[in-house]
Amino acid sequence: MKIITCGSVPTKIAPSDYFTGRVLQTPIIEAEDPARLRALLVSFEPGARTAWHTHPLGQTLHVVSGAGRVQTWGGPNQEIKAGDTIWFAPGEKHWHGAGPDTAMAHIAMQEAQDGKTADWLEKVSDEQFTG
């Protein structure tokens with residue numbers, strides 16, 4: 001058993017290469033091999049969002065507060081809110097973030113394949129974000 005105490009893992013500002021706007025990431029777990037689970041609490045200020053990206057083994061999001069948006073490549077821009085859970089299939093190109101005027105926080109859960117959890121692509125345009 002391992003207990004990761006509150007405050008023992010620092011919150012980081014998400015890298016601007018992969019995010020637009022202010023986004024904070026607080027690690028929850030990076031399980032040791034042979035487990036592959038990685039989980040983060042991700043907090044988006046209004047208008048903030050990820051770039052387009054995929055996950056080799058898929059991703060689950062669970063929204064814990066606020067309201068935001070998600071979109072898969074070629075699909076509609078959809079609203080998400082606290083209590084919603086979203087599943088992206090392996091390799092599914094998508095983005096997620098806050099709403100234009102609302103903050104949003106979610107727990108992001110994904111598995112690592114060969115140490116990698118995501119493939120980052122181009123940034124989401126303002127037009128794509130506003131839908």
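What is the volume of the largest pocket? The largest pocket has a volume of about 620 Å³.

This is a predicted model, in which local features need pLDDT of at least 70, side-chain atom pairs count only at pLDDT 80 or more, and totals for chains, interfaces and linings use all residues. Residues are numbered from 1 along each chain as its sequence is written, and side-chain values use heavy atoms, with hydrogens and water left out.

**The pocket**

A pocket is an open set of points on a 1 Å grid over the protein atoms alone, where a 1.4 Å probe fits, with protein on both sides within 12 Å along at least five of seven lines. Its volume is the space filled by probe spheres set on the points, which are joined across faces, edges and corners. Lining residues have an atom within 4 Å of a point.

The lining of the largest pocket counts 28 residues. Gln 25, Arg 38, Leu 40, Gln 110 and Thr 117 lie nearest its centre. Strand 3 (23-30), strand 4 (37-44) and strand 11 (104-111) each give two or more residues to this lining. Strands (E, at least two residues) and helices (H or I, at least four) are DSSP runs, numbered from the N terminus. By class, the lining has 15 nonpolar, ten polar and three charged residues. Here Ala, Val, Leu, Ile, Met, Phe, Trp, Tyr, Cys and Pro count as nonpolar, Asp, Glu, Lys and Arg as charged, and the others, Gly among them, as polar.

**Salt bridges**

The structure holds seven salt bridges. The term means a side-chain nitrogen of Lys or Arg within 4 Å of a carboxyl oxygen of Asp or Glu. The table gives three pairs.

| Pair | N to O distance |
|---|---|
| Glu 32 and Lys 2 | 3.7 Å |
| Glu 122 and Lys 93 | 2.9 Å |
| Lys 116 and Asp 119 | 2.4 Å |

Glu 32 sits in the loop between strand 3 and strand 4, and Lys 2 in the segment before strand 1 (12-13), so their bridge ties together parts that are 30 residues apart in sequence. Relative accessible area sorts residues into buried (under 20%), exposed (over 50%) and partly exposed (in between), with a 1.4 Å probe and protein chains only. Glu 32 is exposed at 57%. Lys 2 is exposed too, at 61%.

The salt bridge of Glu 122 and Lys 93 also links distant parts of the chain, 29 residues apart. Glu 122 is in the loop between strand 12 (119-120) and helix 1 (126-130), Lys 93 in the loop between strand 9 (85-88) and strand 10 (94-98). Glu 122 is partly exposed, at 38%.

**Backbone points**

The loop between strand 3 and strand 4 also holds Pro 34. The peptide bond from Asp 33 to Pro 34 is cis, with omega near 10°. Asp 114 lies in the loop between strand 11 and strand 12. Its phi is near 55°, a positive value in a residue other than glycine. Asp 114 is exposed, at 83%.

**Strand 4**

Leu 41 belongs to strand 4. This leucine is partly exposed, at 29%. Leu 41 and Gln 78 are 37 residues apart in sequence and 21 Å apart in space, C-alpha to C-alpha.
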